[in-house]
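Reader: Please give me a close look at one part: the side-chain pairings that join pieces of this chain. Keep it brisk.

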Amino acid sequence: MTQDPSALREEGNNLFKNGDVQGALSCYTKALKVSECGSDSAVLYRNRSACYLKLEDYSKAEADATKALDTDQGDIKARFRRAQALHKLGRLDQAFLDAQKCAQLEPKNKAFQELLRQLSAQIQQKAVQLSSTDSRVQQMFKLLLDNSASASDRQKAAQNLVVLSREDAGAEQIFRNDGVKLLQKLLESQQEDFLLSALRTLVGLCTGHQSRTMAIVNELGMDRLCGVMGSVASTVSLSACHLLQVMFEALTEGMKKDVRGKDEAILPEPSRELRSMMRHLIDMLVATNVSGPGRDSAINLLVKQVPRKSHKNPDNSLTLWVIDNGLKKILEVAGTVPEITDGPSLTDNTPMSCSVLLNKLYDDLKCDKERENFSKLCEEYVQRHFGSPGLESKLRAIQTVSVLLQGPSDVGNRTLEMSGIMDAVISLCASENITHQQVAVETLIHAAGKAKRASFITANGVALLKDLYKKSENEQIRVRALVGLCKLGSAGGTDFSMKQFAEGSTLKLAKQCRKWLCNETLPPTSRRWAIEGLAYLTFDADVKEDLVDDKNALQAMFQLAKSEDKTVLFAIGSTLVNCTNSYEVEKPDPQLVELAKYAKQHVPEEHPKDAHSFVEKRLVKLLEAGVVSALVCMVKQESPALTETCRECIARVFLALVERQEDRGMVVAQGGGKALLPLVSESTDVGKIKAAQALAKIAITSNPEIAFPGERVYEVVRPLVSLLALDCSLLQNFEALMALTNLGGISDRLRQKIVKEKAVPKVEGYMFEEHDLVRAAATECMCNLVLSPEVQKLYLATDSDRLKLLVLYSGEDDERLRKAAAGTLAVLTGEMPEVCARIPDTTSHWLEILQALLLSENQDLRHRGVVITLNMMQAERSLAEKLMESEVLEILSVLAKADDASQASVSRAAQHCLDLALEYELIKSNDGEANLKFAP
C-alpha cells in the first residue's frame, strides 16, 4: 500500500470527486499520519474538513479547518469551510466573522455572499427572538416572585417557564437571569405543582448542555436534588429521577466530545460531579428518610448509568467503584424484609430492582478475578447475617439469597449452597409465621431455576409445596406454593413427551392460576405470582389454548400490565411469548431423529396444538382481547424491571402479531409502531433484530408516513439498515430491503437519511446475492435510492462495474429483476446524461439487451426500454446514430403506431424518439414512413 502523502492526497481527491466521501476521508487521514510538511498537512486538514462537512460531522469539520488556518491564515477555502461548520453548529457570530473575511478577500464569490446573507438574517432573527424571550422570562419571574399574585396566575407562569426552557433561547435567558435561584425557591415549596414545574424547567436547561448542567449541579447541590427525589409523592420522585437522568447524560456525553456545551465554554472534566452524584445515589439506598419510590428511582438511575453501554468499551472502572463503595448497601436493601426487620422503606418493586442492578453490575465485570471478588463479598454478607444469633438475621440472609437468585444466578447458587442455607429454607417453609413461610417459599421457587437445583427440589420439595398448596389457609402462601409446583412441572419446556406431573395436573394448576389472577380481592403481589405460574405452565399448548379462550383472565393480565406493579412485566412477557410461540424452535434434522429413535435416545415432540393453524388462531384472539395496548403500556414503563430480556419478549410478541399482513393495520392503529422504536435500541441483540424485523413488516405493507408520522419515520431507517447484516437471516435481509424501498420512494430527505446510515454499500452487496428474490429486492431498493444525487455520482466512477451490472441485469430472465434494473437505468440516464455515453462500453451485448426490452411482452419493460432509448438519444447525437442504424428504428416505428390506449405512454415516448431522430437528420419522413438517411 502506498504511503506517499501526495499520492494518498491525490487518491483522496479522486474518491471525493466520485462521491466516495468515506474513502477520501480514510486517504486524507492516512496521509496526515505520514506527512512531514506543514503546508501539505494544512491542505490535507482542509480537504478532510470538506469530508466531515459532507458527513455532517460539523465539530470535526470545524476542528480540521482551524488546524489548516493555524498554518496559513490566508487559506480562504479552509476559512469558508470553517464558516460553514460553525454555521451548522449554531455558532453564528463566529461563522459571520469567517464568512465576512472570505467575502472581503473575494467580493464577487456568490457562495461567500450567500452564506453571509443567511448568517446576517439569522443573527438578526436571533436578536429579536432573544429580546422577545427576555421580556417573557422577566414577566414569568415577576409573577412567580409576587406572593400577592393569584395561585392560578403563578401556576400558569410556572408552566410557561417549562415551555420556554425547551427552546434554546428561552433556556439561555432563564439561566442568565438567575433563574436557577428562583427554581431553587420553587423546589423548597411544599406545593407539588410548583415542584413539578421547577423540575421540568431544569430538565429543559440541562438537556444536551454540559456547562449549564455542571453549574446547576454545583448551585443546587446533590443533597437537595436527592431530597426531592426521595419525596413520598411518586410523580415528584419520578420527575426528579428524570432530571438526574438528563444531568447524567449531559455530563457523560460532554466528556465524549471535543467541545463541551453549545457555548464552547472552557470546562474542567465533569468526572468529579459524576462521582459525587453516584455517591449520593448510593447513600440514598439505605437512608431512612427516603421514600420507597425515591429508593426505586435511585436504583433505576444506577442501573442506567453505571454499567458500560457496550462491552467494546474496556473501561468498567465505574462499576468496580460502585461495587467497592456500594455493594453492601445494595445487599442491605435486597435483604430487607419490611414486615419483620428494621430498615429502609421499600415498594413491591424494590427487590426486583435490586436483582436487576446486581445482575447488571455482575455482567459488567471483565474477568474471573473481578467476578470472584463480587461473589465473595456477597457470600461474606450472607454468612455474616446467617451466622448471627436470632431468626431475623437468618431471614435477612435468605431474602438476600432470594434476590441474588433472581439477578446474578451464579452468585445466588453459590450462596444457596453455603452450609445450612437450603436446610433453613426447607424448615422455614413449615413455619407457622406467614412472613417466614413467604420468604422461604419464594427462595425455593427462585432456586428451582437451574436444572440441577430443580431436580433436587423435585426430589425433596415437591411434597412440601403440595402440602402447603393444599393445607395452608393463607392465599398468599398457597399461590406461591402453586408457582413452585408450576415451575417444577414445566421443566420439560415445550417438549410434549417430557411431563413432570400426571396427566391433567398441569391444566388443574393453570385453572387455579387463572382463578387467582381474576380475583381482584387478592393483593396485586399475589395476582402477580399467579401470572408467574402461567409463565411456566404456558409451555404446555393445552394451557395456552385455555388461557386465550378465557377472556376474563386475559383482561386481568392486561390490566396488571398497565398497573403500578412493575415486577409483573417479565412474567406477562414470557406468558405472551409462549402463547404466540415466538420463542426460537430448532427443527431437528429428520435423519438425526431417525438415528436417535434407532439408538433409543430421547427425541423432543411438538404438541399437536403448537401447529401453525392453532398459533394463528391464538394470535387473533389476543389481538381482539387488546394485547397491543398492554404491550404499548409495558414499553412505556420506566423501571429496572423492564430489563433487556423483558424488552426482547415484547419484541418477539410484536413480531408474531404482525406476521399476518391483515393484522398490521390494527397493531399500528393501537400504537404498536411507535412502541417498537425504543425496542430497537434498548433490548438484547436478538430483541433488537426482532423489533427491527417487525418494523420492516409494517413498513412493507403500510404507508410509512401514516404508520410512523412526523419525524418518527426517520427513526425507522437505522433499524432497517441494521438488518442488512450477514448474521441476519435471508428473510430479514429481504424484508429490510423491501421496507427501505418503500421509504426511499417517499422523499429526498428520507433517501439522504438512508444514504447517511451507510445503506448503499450494503444494498449493492445484496445485488449480487444468489437468491432471486433478495437480489431483485436489492435492485428495486437501488432504483429508488438512485434518485439521490449522491448515489447517482457513484455510477460515474470509472473504476467500478455498477453500471455494467444494471445493464446485464436488464437482460436477465427474472422479470422482477429486469424491471428493477431497467428502472434504475431509466432514472440514471434521465438524471445524468453522461451515464448514457458509458452504456455501450459496459458490454458488447448492450444493444441486444435494449432491443429485448423494447420487444418485451411486458408493458412495464417496454416502457423502461423506450425511456432509456430516449434518454440516450437526447444525451448525444452519436448515440442516437448508433441506435438508428440498428433494428431499434424499426421497433420504435411499430411501437409509435400502437393504437391501444393502455400503451399510450410507450407510443408517445417512441414517437418522441423518432421526432428526435428527424431533428438530428438521421432519418427522413417519406409519406409518413421513417427511413434512414445515411450520411454521404
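Author: What follows goes from charged pairs to rings, and then to the helices around them.

This is a predicted model, with residues numbered from 1 along each chain as its sequence is written, and side-chain values rest on heavy atoms, without hydrogens or water. Local features need pLDDT of at least 70 and side-chain atom pairs count only at pLDDT 80 or more, whereas totals for chains, interfaces and linings use all residues.

Salt bridges come first. The term covers a side-chain nitrogen of Lys or Arg within 4 Å of a carboxyl oxygen of Asp or Glu. The structure holds 41 of them. Helices here are DSSP runs (H or I, at least four residues), as are strands (E, at least two), numbered from the N terminus. For burial, buried means under 20% relative accessible area, exposed means over 50%, and partly exposed is in between (1.4 Å probe, protein chains only).

Take E332 and R396. Their side chains meet in a salt bridge, 3.7 Å from N to O. E332 belongs to helix α17 (residues 317-334) and R396 to helix α20 (residues 391-406), so this bridge ties together parts 64 residues apart in sequence.

Next, D542 and K609. Their closest N and O atoms are 3.1 Å apart, in a salt bridge. D542 sits in helix α29 (residues 541-549), and K609 in the loop between α32 (590-598) and α33 (612-625), so the pair ties together parts 67 residues apart in sequence. K609 is partly exposed, with a relative accessible area of 30%.

That loop also holds A611. A611 is partly exposed, at 27% relative accessible area.

Now the rings. Rings of Phe, Tyr and Trp (its six-membered ring) pair if their centres lie within 6.5 Å; planes under 30 degrees apart count as stacked, over 60 as edge-to-face and the rest as tilted. There are two aromatic pairs in the structure. F80 and F112 have ring centres 4.9 Å apart and planes at 50°, so they form a tilted pair. F80 lies in helix α5 (residues 76-88) and F112 in helix α7 (residues 110-145), and the pair links these distant parts across 32 residues. Both F80 and F112 are buried.

Y362 and F374 also pair: their ring centres are 5.3 Å apart and their planes stand at 55°, so this pair is tilted. Y362 is in helix α18 (residues 350-363) and F374 in helix α19 (residues 368-386), so the pair ties together parts twelve residues apart in sequence. Y362 and F374 are buried.

Charges meet rings as well. A charge sits over a ring if NZ of Lys or CZ of Arg is within 6 Å of the ring centre and within 35 degrees of the ring normal. K394 lies over the face of F386, 5.7 Å from the ring centre. K617 has its charged end over the ring of F614, at 5.9 Å from the centre.

Back to α20, the helix of R396. α20 and helix α21 (residues 409-416) pack at about 150°, with axes 6 Å apart. Axes are lines fitted to C-alpha atoms, for helices over the stretch in contact, and angles run from 0 to 180 degrees between N-to-C directions. Contact means heavy atoms within 4.5 Å. From α20, V401, L404 and L405 make the contact; from α21, S409, V411, G412, N413, T415 and L416 do.

Last, R212. This residue is in helix α12 (residues 210-220). R212 is buried, at 5% relative accessible area. Leaving out residues up to four places away in sequence, R212 touches A171, E172, F175, G204 and L205. Among the buried residues of helix α9 (residues 168-176) are A171 and E172. Just after α9, D178 takes a positive phi of about 55°.
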